[in-house]
Amino acid sequence: MKGTDMIITQPHSQIPTHTTAPDAVEITPDIEAGKICYFPHLTFTLDPIFSNPASVASSLGGLSAKRKSISYNPQTQHVKGIASDAPHYAAAEKILQDYALFAKTLITTLCPFYNTHLRVGRTSFRPLEVQGRPSSYRKDDTRLHVDAFPSMPMGEDRILRVFSNVHPQGQERIWRIGEPFKEVVSQFFPRLRSPWWKERQLLKMLHITKKERTLYDHYMLQLHDQMKYDLTYQKCAQQQTIAFPAGSTWVVYSDVVSHAAMSGAYLLEQTFYLPFTKMRTPDLAPQRILEQHFSLQDRQNMAIST
Ligand code: SIN
Ligand code: FE
């Protein structure tokens, strides 16, 4: 693997049995510091039904450039992206449920500090090739970005993600990793606009956002968009290419690690949310880092609207 300074490699081929097992090294400080915890030998085994591209194509026919994944909400147990009468629906549902459990066991064992504060988000299965898929620049994950979503404000929450490359024929997933978050912010903050008067409240009233964006959400989304928009930055920013082999797993706070998925298919991903106040070191949260750049006017507006 090339470019290893942002990567902490762990030897596990199994998830430790409990938090005090000798191989249960706590990964919390590394991921909070913006590193990727990489487990080259920690394999999630895909149901062989999905090893054959033809059977995948027939059962997952609803997937397209527009909908790129099948997702599962562990809270509601609802599967999206595959018709309930599609061939292999039950197998797809089981993969997502099993992966949710795998990722949860991994994080609760290796991040015991987070304890009950961690919330389980969606599980997603992305069998399609990433490369060459048309999309608008804002949705183009082959451009370096930090994760922020237009309709889903994070507020105080961090976005922690577990990924596993489950490609049946052994294709790598290729990512680019950019510079540390603080450096990204110092470069981009001067070009991020302040919110318009009542903008955040209006977006909520019009149901464009699920809840009201905080100032943090506003600037994170701007940052996400401006990074993707700037093609010179995409080309010239300090970056490294990382190949995650099939059979590997990695854990990352995707709201601070600048990343781009360049190629690969068959990925499983589990999202978790954690209030930044429950981190080991809350000062490393993007909420805290961005806040240092808010103007006096931003702070006054914040005081008025809260
Ligand atoms: C992303 O989070 O930007 C995409 C990651 C991937 O699909 O590998
Ligand atoms: Fe992303």
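**View 1. Protein donors of the iron ion (ligand 2) in the predicted model.** The iron ion (ligand 2) is held by H145 (NE2), D147 (OD) and H259 (NE2), at 2.1 to 2.2 Å. Donors here are N, O and S atoms within 2.8 Å of the metal (3.2 Å for Na, K and Ca); water is not among the atoms, so sites may look incomplete. Along the chain the donors are spaced H-x1-D-x111-H. H145 belongs to the loop between β5 (119-126) and β6 (157-165) and H259 to strand β10 (residues 259-263), so the pair ties together parts 114 residues apart in sequence. Strands (E, at least two residues) are DSSP runs numbered from the N terminus.

This is a predicted model, in which local features need pLDDT of at least 70 and side-chain atom pairs count only at pLDDT 80 or more, while totals for chains, interfaces and linings use all residues. Residues are numbered from 1 along each chain as its sequence is written, chains are lettered from A and ligands numbered from 1 in the order in which they are written, and side-chain values use heavy atoms, with hydrogens and water left out.

**View 2. Burial of H145 and H259.** H145 is buried, with 2% relative accessibility. H259 is also buried, at 7%. Buried means under 20% relative accessible area (1.4 Å probe, protein chains only).

**View 3. Polar side-chain atoms beside ligand 1.** An N or O atom in the side chain of R173 is 2.7 Å from an oxygen atom of ligand 1. For the side chain of H145 the corresponding distance is 2.9 Å, and a polar side-chain atom of H259 lies 3.2 Å from a ligand 1 oxygen atom.

Key. Helices (H or I, at least four residues) and strands (E, at least two) are DSSP runs, numbered from the N terminus. Buried means under 20% relative accessible area, exposed over 50%, partly exposed in between (1.4 Å probe, protein chains only). A polar contact is a pair of N or O atoms within 3.5 Å; within protein, one must be able to donate a hydrogen and the other to accept it, and residues adjacent in sequence count only if both atoms are side-chain atoms.
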